[in-house]
Amino acid sequence: MAVERFFADAEERLNNLDNERRQRLEERLELARAIMGSIDPLDFIENWQAPDERYRSKYRED
């Protein structure tokens, strides 16, 4: 949630900038969000793998 607050604060601050700087920073903010991927906690939990899901011994019988 802290990351989302960071991005929301950055977007809010963009409104107070001149056009050229705002445009440049909007592009950078978009890149930063793309690197972070989804910041929805439910997306994270849904895609998370527990240690036993990551590693399965080839010698263990299920």
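1. Helices (H or I, at least four residues) and strands (E, at least two) are DSSP runs, numbered from the N terminus. In order from that end, the elements read α-α-α-α.

2. This is a predicted model, in which local features need pLDDT of at least 70, side-chain atom pairs count only at pLDDT 80 or more, and totals for chains, interfaces and linings use all residues. Residues are numbered from 1 along each chain as its sequence is written, and side-chain values use heavy atoms, with hydrogens and water left out.

3. Confidence comes as pLDDT, the predictor's score for each residue from 0 to 100. The chain average is 88, and 97% of the residues score at least 70.

4. The C-alpha trace spans about 65 × 20 × 10 Å along its principal axes.

5. Of the 62 residues, 6% count as buried. Buried means under 20% relative accessible area, exposed over 50%, and partly exposed in between (1.4 Å probe, protein chains only). The accessible surface comes to about 6100 Å², and 51% of it belongs to carbon and sulfur atoms. Areas come from the Shrake-Rupley method with a 1.4 Å probe; for residues, only the protein chains shown count as cover.

6. There is 1 aromatic pair. The ring centres of F6 and F7 are 5.5 Å apart and the planes stand at 70 degrees, so the pair is edge-to-face. Rings of Phe, Tyr and Trp (its six-membered ring) pair if their centres lie within 6.5 Å; planes under 30 degrees apart are stacked, over 60 edge-to-face, the rest tilted. F6 is exposed at 56% relative accessibility. F7 is buried at 3%.

7. Which residues make the nonpolar surface patch of about 500 Å²? They are L42, F44, I45 and W48. L42 lies in helix 3 (residues 41-47) and is exposed, at 62% relative accessibility.

8. P41 also lies in helix 3. P41 is partly exposed, at 40% relative accessibility. P41 and M1 are 40 residues apart in sequence, yet 8.0 Å apart in space, C-alpha to C-alpha.

Notes. Patches are made of residues with over 30% relative accessible area and no salt bridge: like charges are joined within 9 Å, nonpolar side chains (Val, Leu, Ile, Met, Phe, Trp, Tyr) within 5 Å. A salt bridge is a side-chain nitrogen of Lys or Arg within 4 Å of a carboxyl oxygen of Asp or Glu.
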